[in-house]
Amino acid sequence: MCCSVICMFLNEERQMNIVAKLISQTKKPTGIAGLILTKAMNRAHSRITNWGLHFLEIDEGHKILEIGCGGGKTIYKLAQMFRNGKVYGIDYSDVSVKSSTKLNSHLVDQNRVEIQKASVSSIPYPAEFFDVITAIETYFFWPNLENDMKEVLRVLRPKGKLLLVSEIVRRPENEKTIDRFARLANTSDYMRYKTKGELNQIFINAGYGNVTIHENKKHGWICAVGCKPDKKEKEES
Ligand SMILES: C[S@@+](CC[C@H](N)C(=O)[O-])C[C@H]1O[C@@H](n2cnc3c(N)ncnc32)[C@H](O)[C@@H]1O
């Protein structure tokens, strides 16, 4: 993780400044620094994105939404995977929207990709619009995870899937590191990583069924998938 490398070389005060800036930029990229960061994230998150997306089946749907699309590489990958579908992207950062749109401009021109500025808390699409929804390295920034996941559920069609991917899952052995970054960032609004059990429970509380949490033991990554129950499943539960 880049934060760990920074901390090895700098004194506490400079660490605080840099980590706080880095975290606020990853949470909502702004300005030139944010633009550079979105491109860096495209590279840095490529492997974990490939790993997460392989849990989706290729013919799973035609309308795919990527939330918190950052530099837009995941939108591009999804458009390659779902060649007969249309990929939509939202992000509440102007810079992320600009960066994603630029990267996918040829697909936007072909009407295979549509990107707009929006928050996960208020998704500008009708109910049951999407077959698949992805969110890579972003859920821990959402203002109210359970409510936001209910908003995601609203726009998902019955039997549609939400896939959340994260490099870090809260575990006893990384508790100290996560807390240290929270202290360095000097904010209680730090990345709100969840344990595997907490994530599972939040999916259930938000109304998802068939929740599966995949772990990549080598890297410590997590990919949580939940399905929107159809009418019959809802009645049975
Ligand atoms: C760490 S970056 C990850 C970007 C991209 N998904 C990737 O994997 O490279 C987090 C992204 O989520 C976006 N984001 C954070 N909170 C959001 C929210 N509440 N609604 C929409 N986008 C959000 C940020 O603007 C940023 O572009």
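**Ground rules.** I count residues from 1 along each chain as its sequence is written. As this is a predicted model, I keep local features only at pLDDT of at least 70 and side-chain atom pairs only at pLDDT 80 or more, while totals for chains, interfaces and linings use all residues.

**Sheet.** I took helices (H or I, at least four residues) and strands (E, at least two) as DSSP runs, numbered from the N terminus. I looked up the strand order and found an open sheet of 7 strands, β3-β2-β1-β4-β5-β7-β6, with mixed pairing; strands pair if DSSP finds at least two bridges between them. From one strand to the next the twist averages 15°; angles run from 0 to 180 degrees between N-to-C directions, with axes fitted to C-alpha atoms, for helices over the stretch in contact.

I then checked β1 (residues 63-67) against β4 (residues 130-136): they pair in the parallel sense over 4 bridges. I67 stands opposite A135 in β4. Helix α8 (residues 145-155) packs on the sheet, touching β4 and β5 (156-166), and its direction makes about 140° with that of β5.

**Core.** I use contact for C-beta atoms, placed from the backbone, that lie within 7 Å. Buried means 20 or more other C-beta atoms within 10 Å of a residue's own, exposed 12 or fewer, and partly exposed in between. A nonpolar core joins buried Ala, Val, Leu, Ile, Met, Phe, Trp, Tyr and Cys residues through C-beta atoms within 7 Å. The largest one has 44 residues, and V152 and I133 are among those with the most contacts inside it. Leaving aside neighbours within four places in sequence, V152 is in contact with V120, I133 and L162.

**Helix pair.** The axes of α3 (residues 31-44) and α6 (residues 94-103) come within 9 Å and cross at roughly 50°. I therefore log the two helices α3 and α6 as oblique to each other (under 35 degrees is roughly parallel, over 145 roughly antiparallel, 65 to 115 roughly perpendicular, the rest oblique). G34, L35, T38 and K39 of α3 meet V95, S96 and S99 of α6.

**Phi check.** Most residues other than glycine have a negative phi. E137 has a phi near 55° and lies in the loop between β4 and α8; E137 is buried, with 22 other C-beta atoms within 10 Å. K159, in strand β5, has a positive phi of about 75°. K159 counts as partly exposed, with 15 C-beta neighbours inside 10 Å.

Terms used
Two residues are in contact if their C-beta atoms, placed from the backbone, lie within 7 Å.
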